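Dear colleague,

Please find below the structure that I am handing over to you. My notes on it come after the structure itself.

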Amino acid sequence: MNTLRARQLVEAGLLLRLSGDTPGAEKLFVRALELDPANARARQLLTLGGSASAAPANAAAPDLEGDWGAWADAASPGPAEPLPESVNLPEGTGTPGDALDLIAEAHRTQEFGLPESFSGTGPLPQGSEVETLLQGAEDLLTLDDHSGAVDLLRRAQSLAPEDPRVEALRDRSERILVGMLEARLGDLNRMPRVRLQPDDIIWLNLDHRAGFVLAQIDGAVSFDDLFALSGMSRLDTARILAQLLDEGIIAPGESPVSTRGG
Amino acid sequence: MAESGPLIGIDLGTTNSLVATVQDGQPLIIKNRTGVPLTPSVVAVSKNGKRLVGGIAKRQAITNPQDTVSAAKRLIGRKFSSHPVQDALRALTYQVVCGAHDDVRIRLAGRDLAVPEVSAMILAELKADAEAHFGRPVTQAVITVPAYFNDGQRQATKDAGRIAGLEVLRIINEPTAAALAYGFGRTVNGKIAVLDLGGGTFDVSVLEINNGIFDVVATGGDTFLGGEDWDHRIIEWMVFGFAKEHGIDLRKDRMALQRLKDAAEKAKVELSSVKETQVHLPFICTPPGGGAALHLQSTLTREKLEDLTADLGERLVGITSEVLGEAKVRPSDLKEVILVGGMSRMPRIVEQVRQYFRREPCKGVHAEEVVALGAAIQAHALVAQEGELLLLDVTPQSMGVAIAGGYVRRLIPRNTTVPTSATEVFATSKDFQRTVKIMVLQGEHELAHHNELLGEFLLTGLREAPRGQVEIEVTFDINAEGIVSVSARDRDTGLRQSITVTASSGLTEDELRRIMDEQRDWLVTARASEELKTRRVELDILARDLVDALSRVRLLPGAGGLSPDVVTRAEQALDQARQVRGGEDVGALTRACEALSQSLPLLRSASPRGTPGR
């Protein structure tokens, strides 16, 4: 069973790598090796990707430190339940009771994983690319790689647009991912501004969609407004804004005194 | 009239709107909450269901064309089946459907809205801007409309004001407002021309000013000529240049097109004050085969812009000449020429107007602001009862009845002060005619079918007699509220029939009340949602700080000397915050914020040495 699942993860990882999500792909190869240490292909792909040094433990590190908003949207707060086995905090990271512990605790309340109707541990029909992608997405979710999971699920949905499992998982993953990205942006009423001069901007490595969003940022529109005027989905816009913020291209700016009436 | 609060004048334009007031005796424009005087007359519902008004709606117009409404003024108060609406439909990107009374309905985010509803959203935005300026509610306004608007269109504009929560003190003509802003009510006696080149329309009006009375003697123009035509020429130039260089047609990409449109408008405005400008659009598109995104960089000179738009300028002069010709007014008859609208700042246009009229046109520093300023002056005069500036309520267009041969007999000429009445005697046009149909018309055209039909009724039971021998007395009565009563009486028999015509926007009173209720509900919901959002942001910030503080305390020896109770309470506060954050209960969010706020200073008082720092 582990061998089959590892093979599926390698395939999903390859798809992710093709779509440009190398870290997401590496996480899947690492997971495949965890399940099937004899999987030579996974090992080879990891080495080829220059990630031989990325030990499984490190690859699984959640990047949510301090991300209150990332888990705050959880619908079922309830008492904390044991973590799913597949969610492993990196060994030797932090001490019991520190911030990471808190974040891990927060994850317990989050709607990670597959819908109840979909058994992630049960046997999957073989040979279906959709199943492979679902499996990969599930594993990425357990590794907190929502971005990679959403990419796989989008691909799965393009192959099986009517599949309720794909749709449910994609909806849920996107919602969580949007929450995480918005948390990175902070107060959405703040009006970001561009930090670079026009002459410097042209040297950035952006696509036309990021270029469009960047062009709308003038210090007078809020993050919230940008979601409305981007013409893209909330997730895509949030991804772009988070990228621009992370790369220091924009600064979050100030909150307006009063918000627009719309 | 209600007790006098702040008064505003609103220029509700096809493309842009402005709000002004008179403060300390000086008219001034109220900037909107983004700090600019112009608010685009655009309303949209974004993909995430948010209602957008003004600049933000305009900026997503191309990427979200189906749910973005612009130029609603072209449709307001008109019948769906009318020629102007059918013409306008060809240029609209949003869906328009026919209402129950042949009125126009705009489909926005799955809902069919009456046009006054859409205009009300813009008015409400301007009202909110004014309230932000004054720091208190604003409820009274004067709104301007084009001189050619009929009663139905004026009533629809009034209805829009009502929906927005405004008492519309008066509807005045845009050219009159412009003339008022220049103080011409006091300083000029004679004819003046007002050339208003806005974003989407060009209106030419000739006014006769006589001791403070403003009489619109001629109006005309082109309802599809405006600043956007200049923008399109710049866009075409940019698109062509890019296609030549990269072989890519940018018009196929909505995002690129939106950026081109914004850049074109910016370049056009800049070229009114400088001789050349840089157009710089990085990452405008990604090549079809993939690869690095391409940039658009070019320099546009004023000379090039004038070259690209030479024919538009000529059209402008041609239309002006036509309107003056029809009114039998020579340029030399005019005492003044006023240029209105942002486009009239373009040096080439000023030059063309100067050449045609052989005089220097009046153009204030901000030609797009004069109409709103004039409206504010009128609002102030209405309440202050400054007689010399007080415009009288007049009939905007002539009224009359259809007569034999398909012609119109005017009983009440345009610009007649209301209340008023007029009576005229007509005779039968056919032998032994037993019935006469009275068709009440409004408009200036000699042919009946070119005028607006306000209503019709039959007078029956006439005496059988050769034509011309039965006399029918027709009386028009217009009361102070603008309600028109028309009666017809057979002078022989005394038989009488009448009709009352109330200017209608296409909405019934019930519909109007329903819309106003909905608008009120929406405002309440919007405010609640705003508060919810603010509380969530506050909660997020506090929670993040508390998580940080808690992490620090856990790393300190002996928990920084804090009692276990403090840490437990902080954890409980966090738990409570998690539980309520996703909910809609503002009270619960507020309480959770309070709990976090109480725990935070306690945790921060932890001492690195293990004893409390307090």
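This is a predicted model: local features need pLDDT of at least 70, side-chain atom pairs count only at pLDDT 80 or more; totals for chains, interfaces and linings use all residues.

Overall make-up of chain B

Chain B has 614 residues, of which 51% count as buried. Its secondary structure consists of 15 helices and 26 strands. When contacts in chain B between residues at least 6 apart in sequence are considered, 65% of them join residues at least 24 apart.

The structure holds zero disulfides over all chains. A disulfide is a covalent bond between the sulfur atoms of two cysteines.

Sheets and strand pairing

One open sheet of chain B is made of three strands in the order 6-5-7, with antiparallel pairing. Strand 6 (51-53) and strand 7 (68-70) are the edge strands; each has a single partner strand, so one side of each is left without a neighbour in the sheet. From one strand to the next the twist averages 15°. Within this sheet, strand 5 (residues 42-45) of chain B pairs with strand 7 of chain B over three bridges in the antiparallel sense. B:Ala44 has B:Thr68, in strand 7 of chain B, as its bridge partner.

Another open sheet in chain B has four strands in the order 20-19-22-23, again with antiparallel pairing. Here the edges are taken by strand 20 (407-412) and strand 23 (452-459), and each has a single partner strand, so one side of each lacks a neighbour in the sheet. The twist in this sheet averages 30° from one strand to the next. Strand 19 (residues 399-403) of chain B is joined to strand 20 of chain B by five bridges, and the two run antiparallel. B:Ile403 stands opposite B:Tyr407 of strand 20 of chain B.

Strand 25 (residues 484-490) of chain B has pairing on record with two strands. Seven bridges join strand 25 to strand 24 (residues 471-478) of chain B, and these strands run antiparallel. In that pairing B:Val474 stands opposite B:Ala488. Strand 25 also pairs with strand 26 (residues 496-501) of chain B, in the antiparallel sense and over six bridges. There, B:Ser487 stands opposite B:Ser498. Strands 25 and 26 of chain B form a hairpin with five residues between them, and B:Gly494 in the turn has a positive phi of about 80°. Strand 25 is mostly covered, with five of its seven residues buried.

Individual residues

Two residues other than glycine have a positive phi. For B:Asp102 the angle is near 60°. This residue lies in the loop between strand 8 (95-98) and strand 9 (104-108) of chain B, and B:Asp102 counts as partly exposed at 24% relative accessibility. For B:Arg358 phi is near 55°. B:Arg358 belongs to the loop between helix 11 (347-357) and helix 12 (370-384) of chain B, and counts as exposed at 78% relative accessibility.

B:Val217 is part of strand 15 (residues 213-222) of chain B. At 24% relative accessibility, B:Val217 counts as partly exposed. Apart from its neighbours within four places in sequence, B:Val217 is in contact with B:Val206, B:Leu207, B:Glu208 and B:Arg414. The C-alpha atoms of B:Val217 and B:Ala327 are separated by 7.3 Å, although the two residues are 110 residues apart along the chain.

An annotated segment

The unreviewed UniProt entry annotates residues 250-277 of chain B as a "coiled-coil region". In the model, the chain over residues 250-277 is 61% helix and 7% strand, and the end C-alpha atoms of this segment are 21 Å apart.

Contact between the chains

How many residues does the contact take from chain B and from chain A? Chain B contributes 47 residues and chain A contributes 45 residues. Together the two chains bury about 4,100 Å², with 57% of it on carbon and sulfur atoms. B:Arg59, B:Phe283 and B:Arg578 supply 19% of the area that chain B buries against chain A, more than any other three residues.

Yours sincerely

Notes
Residues are numbered from 1 along each chain as its sequence is written. Chains are lettered from A and ligands numbered from 1 in the order in which they are written. Side-chain values use heavy atoms; hydrogens and water are left out. UniProt positions are given in the numbering used here, feature names are shortened, and annotations may be inferred rather than shown by experiment. Buried means under 20% relative accessible area, exposed over 50%, partly exposed in between (1.4 Å probe, protein chains only). Two strands pair if DSSP finds at least two bridges between them. A disulfide is a pair of cysteine sulfur atoms within 2.5 Å. Axes are lines fitted to C-alpha atoms, for helices over the stretch in contact, and angles run from 0 to 180 degrees between N-to-C directions. Contact means heavy atoms within 4.5 Å. Buried area is the accessible area (1.4 Å probe) that two parts lose on being put together, summed over both.
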